[in-house]
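Please open the structure in your viewer and keep the selection panel at hand. The tour below moves from one selection to the next and says what is there.

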Amino acid sequence: MTGLTTSEVEERRARGEGETGARSVTKSTGAILRENICTLFNALNFAIAILLFAVGAYSNMLFIAIIILNIVIGIAQEFKAKKLVDELTILNQPHAVVLRDGKETTIEAGDIVKDDVMVLDSGKQICNDAVVIDGRLEVNESLLTGESDSIDKTAGSELYSGSSVISGRAYARVTHVGDENYTNSLINEVRQEKRVHSELLDSMRKVTRFTSFLIIPLGVLLFVEAMFLRHSGTYDAVVSSAAALLGMLPKGLVLLISVSLATGVIRLAKAKILVQNIYSLETLAHVDVLCLDKTGTLTDGNMSVDRIVPLGERGAAEDSDALLRAYLDASEDNNVTIAALRAHFGADDSTADAGQPAAPAGDGRFAAQAIIPFSSKRKWGAITMRAAAGAADAPRHAQEGESAATATGTVFLGAPERILGANLPDEAAALMGQGLRLIAVGYLPGAWTDEERLPDALQPMFLIALRDNIRPRAKETLAYFRDQGVDVKVISGDHPDTVAAVARQAGLERWRDVIDMTSVPADAPDSTFNDVAGRYTVFSRVTPKQKRQLVQAMQRAGHQVAMTGDGVNDLLALREADCSIAIASGSDAARQISQVVLLDSDFTYLPQVVLEGRKVVNNVTRTAAVFFIKTIYSVLVSFFCLALNVPFPFIPIQITLVDACIEAWPSFLTIFESDTRRIRGRFLPTALGKAAPFAIAVTGMIIAFSLIAPFGETQNRTVMFALLIAASMVAVIKSCVPFTKIRVFVCVTMVLGAPFALLILPHLFEVVAMTGPMWAWFAVAFVVMMAVTAAIIAAQRAWLRSRR
């Protein structure tokens, strides 16, 4: 068998019969540019700039430089995050062994073409749908079906991508590539239905819809009123209307959210945590229920020998350890159980390739003569041993036949109930009650070649207890989530005793609240799953459909649910969860559909993701109120101006100064702070609630000055602008409490920066030097504004206390 030639590979690739490569989990370059440039906010701002340009108000167009800078920063941050994520994704791609030009060659899975001949043996993942053409395999399709039973595959059998080889060796011809693969078709179907859950994103959409609904009609009305009722010139009408509209747009807030999330993604990427959707950071920060798998999540997927119980005379025999080491050296199996036994007994950890000579095993006294591979269907395997003098001969599988006269004996390894039958030692039940996995070893003098049945008189050798390796920081991680008010659930397909024991060792408080989900019908009503999800913490023997139903039940109870998964059988639950988390050592399907991928396959990194999400939400919520002050008072003052037929009191260049010095500078400098407190309240009500007292006070001040008009137009505008700056600064300073070094720096530079700009460029901002009477009015108005603000804040707090 030679496989494809190099020319045949190129021909198939030219016909489009090669893998298209893993679909990028990040946005394309075009999508990043489009989403940062083609937005409603940008369209409105550029429309205002065009109108100002048309009337020659060039100095008032400075705000467009901030918009362009915002776009450039947003694109740069997303490109940087994309580069890091794409690099990590490439590192995470699977590999395959294929026959090409008669040689076994290791290639990336993305280089496979149709009709390639894959070389599959124990432990390999099947990357593409294929048909076995030679050999025999025992395949685990649990990642596809959720069923742990192994399936025998012989010549002509179909193999599905996403499954893995338990034992055996075979050649298989690739039948499907790209989206035609079974797992890829499932991924594409599930990916289309997945919706991003983000309070920040949804809140900004609401703000965008609201401002876009108001801004066009208000702009038209303000312009028409200025032109035809006040008979202002075109220049004054456009400038006055533009200032009102610019104030309604919280321009920097959308950028602030994007940059904050992208920065968090970059930090996590450096820690080998792949965030495939930037809003997942925020989602996981809000999660209050975390569903974990047992194998590969709470445990590291490996096992270790806990204890060995010698059985009978054979277990105490001088050569018993050597026989077991010989079995482990010769075995072609490559599962976690065999790996744990090899590590404990000091056997060679590299199995011999099929068809290659076996080296003398153990202490050199025994070598393999015939092999019956372990099968999870029959739950045992066997290897016939002979004297090491004949070790140079190749081991032959049992079906080839072997003379019993040349055999020393046969070692059997498998489930205790199969190897020992009814002769289980008394302590077996106690060991199983501790969640330990038991393996029995038996011995038969002479050879054994029958794969279908066990001999009647097996001599017991050992009972071996294996323990799942709990991840080193599992207890600390579960304790962290418990302290943070996150309810951790363990969902597994294993036996109830095993899952409960692992949960107890990992430090889960309610590990006794366990249920065997085989007692819950899959077609049970929602009320049944609601009750089960609320009462229990540990769920065993769970089917893929039940995983999704449990997630849905938790969501119906008002919880934000995060789900970890490693297989195609987890796709339904991963899609349903508010935040989906994949373990990188699992299937490619789970990695592609999940929002977060733990590349080190270690769930103890999850607190780091939560903390990054909290930084984003807390920092954005804290600073968003400053942005919304201008939005609220601009809308209210615009209605007042329409009602009394007076011009909007500010001009665009003044609004730009507030945007740059009081909103953008403090906000973007403090988003890198490490504020990891638990998130309380909802973003939009919290931000608007904090902004409202200042916005109402500013609106009242503007209305009062417009009605009283103690000075000329320019003097009134100067005093009102000074009061606006002062009120906005107080709001920023209030948001910076408690003070840190960076917050003190921000406040000092802000307080000095804005007045300095007015002092050196008064003509640009169309202000005049303040006289004594103007300062007196400023002082009185400022005190009144702060008193009104304090009264509204006190009323808010009293109202909130009354609702608790």
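**First stop: Thr337**

Select Thr337, which, leaving aside its neighbours within four places in sequence, is in contact with Met303, Arg437, Ile439 and Leu466, contact meaning heavy atoms within 4.5 Å. Thr337 lies in helix H14, residues 336–345, where helices (H or I, at least four residues) and strands (E, at least two) are DSSP runs numbered from the N terminus. With a relative accessible area of 11%, Thr337 is buried; buried means under 20% relative accessible area, exposed over 50%, and partly exposed in between (1.4 Å probe, protein chains only).

Two notes apply throughout. This is a predicted model, in which local features need pLDDT of at least 70 and side-chain atom pairs count only at pLDDT 80 or more, while totals for chains, interfaces and linings use all residues. Residues are numbered from 1 along each chain as its sequence is written, and side-chain values use heavy atoms, with hydrogens and water left out.

**The whole protein**

Now show the whole protein, which has 29 helices and 22 strands. Of its 804 residues, 54% are buried, and among contacts with a separation of 6 or more, 74% are between residues 24 or more positions apart. The accessible surface comes to about 33800 Å², with 58% of it belonging to carbon and sulfur atoms; these areas come from the Shrake-Rupley method with a 1.4 Å probe, and for residues only the protein chains shown count as cover.

Next select Ile653, placed in helix H24, residues 652–670, and counted as buried at 1% relative accessibility. Leaving aside neighbours within four places in sequence, Ile653 is in contact with Ser59, Asn60, Leu62, Leu764 and Phe765.

Then go to helix H18, residues 496–506, which is largely enclosed by the rest of the structure because nine of its eleven residues are buried. Among the buried residues of H18 are Pro496, Thr498 and Gln505. Just after H18, Gly507 takes a positive phi of about 95 degrees.

**Salt bridges**

A search of the whole structure finds 24 salt bridges, each a side-chain nitrogen of Lys or Arg within 4 Å of a carboxyl oxygen of Asp or Glu. Side chains of opposite charge can pair when their charged atoms come close.

Select Arg541 and Asp516, whose side chains meet in a salt bridge (3.0 Å, N to O). This pair links distant parts of the chain, 25 residues apart, with Arg541 in the loop between strand E19 (538–540) and helix H20 (544–556) and Asp516 in strand E18 (residues 514–516). Arg541 counts as partly exposed, at 34% relative accessibility.

Move to Asp487 and Lys489, which form a salt bridge with closest N and O atoms 3.5 Å apart; Asp487 is partly exposed at 30%, whereas Lys489 is buried at 3%. Finally for this group, select Glu104, Asp121 and Arg169, which are linked in a network of salt bridges.

**Last stop: a nonpolar patch**

Which residues make the nonpolar surface patch of about 520 Å²? Select Val737, Phe739, Val744, Val748, Val751 and Leu752 to show it; patches are made of residues with over 30% relative accessible area and no salt bridge, like charges being joined within 9 Å and nonpolar side chains (Val, Leu, Ile, Met, Phe, Trp, Tyr) within 5 Å. Val737 is found in the loop between helix H26 (713–735) and helix H27 (741–760), and at 52% relative accessibility Val737 counts as exposed.
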